[in-house]
Amino acid sequence: MFEMNVACLALVLFGEASTYEQKLAVGAVVMNRAEHKVANICDVVYKPKQFEYITLIQQNKMREPTREELLKHELLALQIIKKQHANPVANSKFFHDTRISNPWKDKQQIAVIGNMIFY
């Protein structure tokens, strides 16, 4: 189960964030949700319509990463799970890319990292 959680988190890091800082922040959001809901990481990642990249993969509109691409993200995912990095977004449980409309207008903004806003 632990290895699956690492792979699930790595998949979200690969698909949702482009910079190292964004990957840390997205990883923190996933971990915040997993801890808040007392769920495993894969449950959080595959909850319907929560992560655009996962939704697009499920709709066959986006390619999955190669094994090599995913491996590059698994070390960071493992470090995030083991809390070896500071959490840059506090208790954020939501984020969006500024290139799309804001679905979280009613939520308090906690951090901005590049083109991503965290709530």
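Q: What does Ser-92 touch, leaving out residues up to four places away in sequence?
A: Ser-92 touches Val-29, Asn-32, Ile-110, Phe-118 and Tyr-119. Contact here means heavy atoms within 4.5 Å.

Q: What kind of model is this, and how are residues numbered?
A: This is a predicted model, in which local features need pLDDT of at least 70 and side-chain atom pairs count only at pLDDT 80 or more, while totals for chains, interfaces and linings use all residues. Residues are numbered from 1 along each chain as its sequence is written, and side-chain values use heavy atoms, with hydrogens and water left out.

Q: Back to Ser-92. Is it buried or exposed?
A: Ser-92 counts as buried, at 0% relative accessibility. Buried means under 20% relative accessible area, exposed over 50%, and partly exposed in between (1.4 Å probe, protein chains only).

Q: And where is Ser-92 found?
A: Ser-92 is in the loop between H5 and S1. Helices (H or I, at least four residues) and strands (E, at least two) are DSSP runs, numbered from the N terminus.

Q: New topic. How many disulfides does a search of the whole structure find?
A: The search finds one disulfide, a term for a pair of cysteine sulfur atoms within 2.5 Å. The disulfide joins Cys-8 to Cys-42, with an S to S distance of 2.1 Å.

Q: Which parts of the chain does the pair link?
A: Distant ones: Cys-8 is in helix H1 (residues 2-16) and Cys-42 is in helix H3 (residues 41-45), 34 residues apart.

Q: Why is the disulfide of Cys-8 and Cys-42 called right-handed?
A: Because the torsion about the S-S bond is about 100°.

Q: Is Cys-8 buried or exposed?
A: Cys-8 counts as buried, at 5% relative accessibility. Cys-42 counts as buried too, at 12%.

Q: What about Val-45, where does it lie?
A: Val-45 lies in helix H3. Val-45 is buried, with a relative accessible area of 0%.

Q: Which residues does Val-45 touch, not counting those up to four places away in sequence?
A: Val-45 touches Cys-8, Val-12, Val-30, Phe-51 and Ile-54. Val-45 and Leu-9 are 7.2 Å apart in space, C-alpha to C-alpha, and 36 residues apart in sequence.

Q: How many aromatic pairs are there?
A: A search of the whole structure finds four. Rings of Phe, Tyr and Trp (its six-membered ring) pair if their centres lie within 6.5 Å; planes under 30 degrees apart count as stacked, over 60 as edge-to-face and the rest as tilted. One of the pairs is Phe-51 and Phe-95, with centres 6.1 Å apart and planes at 40°, so the pair is tilted. That pair links distant parts of the chain, with Phe-51 in the loop between H3 and helix H4 (52-58) and Phe-95 in strand S1 (residues 95-97), 44 residues apart. Both Phe-51 and Phe-95 are buried.

Q: And how are the rings of Phe-94 and Trp-104 placed?
A: Their centres are 4.3 Å apart and their planes are at 40°, so the pair is tilted. Phe-94 is in the loop between helix H5 (67-81) and S1, and Trp-104 is in the loop between S1 and strand S2 (111-113), so the pair ties together parts 10 residues apart in sequence. Phe-94 is partly exposed, with a relative accessible area of 21%.

Q: Which residues form the aromatic cluster?
A: Phe-51, Phe-95 and Phe-118 form one aromatic cluster.

Q: What volume does the largest pocket have?
A: Its volume is about 580 Å³. On a 1 Å grid over the protein atoms alone, a pocket is an open set of points where a 1.4 Å probe fits, with protein on both sides within 12 Å along at least five of seven lines; lining residues have an atom within 4 Å of a point. Grid points are joined across faces, edges and corners, and a volume is the space filled by probe spheres set on the points.

Q: Which lining residues are closest to the centre of the largest pocket?
A: Of the 26 residues in the lining, the closest are Glu-16, Phe-51, Glu-52, Tyr-53 and Ile-100. The largest share of the lining, four residues, comes from H4.

Q: Last one: what phi does Asn-60 have?
A: Asn-60 has a positive phi of about 55°, although it is not a glycine. Most residues other than glycine have a negative phi. Asn-60 is exposed, with a relative accessible area of 72%.
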